[in-house]
Amino acid sequence: MNQIELTISGMTCSHCQSGVTNALKSVPGVTDAQVDLKTGKAVVQGSADAQHLISAVQDEGYGAAVAQL
């Protein structure tokens, strides 16, 4: 199982956070997704490809990129 950390942009409220979380969890291969509104980070567990995760977030109307360590 892999863990991918994403930087999410455009979230301003808990509704945004919920939408991003649901979008990430809907991607095949995702076993868990935790989104932090304050830090703008998402941690995703599973076997999903990073580009599919980014596309799911973008489809919800938010920006996403793989977080730089």
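**View 1. What the buried residues of α2 pack against.** The buried residues of α2 pack against β1 (2-9), α1 (14-25), β2 (30-36), β3 (41-46) and β4 (63-66), with contact meaning heavy atoms within 4.5 Å. This is a predicted model, where local features need pLDDT of at least 70, side-chain atom pairs count only at pLDDT 80 or more, and totals for chains, interfaces and linings use all residues. Residues are numbered from 1 along each chain as its sequence is written, and side-chain values use heavy atoms, leaving out hydrogens and water. Helices (H or I, at least four residues) and strands (E, at least two) are DSSP runs, numbered from the N terminus.

View 2. Helix α2 (residues 50-59) has L53, I54, A56 and V57 buried (under 20% relative accessible area; exposed is over 50%, partly exposed in between, with a 1.4 Å probe and protein chains only). They sit on the same side of α2 because their arc around the axis is only 160 degrees, taken from the directions from the helix axis to the C-beta atoms. Over on the other side, H52 and D59 are exposed.

**View 3. The open sheet.** Four strands line up as β2-β3-β1-β4, with antiparallel pairing; strands count as paired if DSSP finds at least two bridges between them. β2 and β4 are the edge strands with a single partner each, so one side of each has no neighbour in the sheet. β1 and β3 pair over six bridges, and N2 stands opposite G46 in β3.

**View 4. Buried positions in α1.** C16, G19, V20, T21, A23 and L24 of α1 are buried. The buried residues of α1 pack against β1, β2, β3 and α2.
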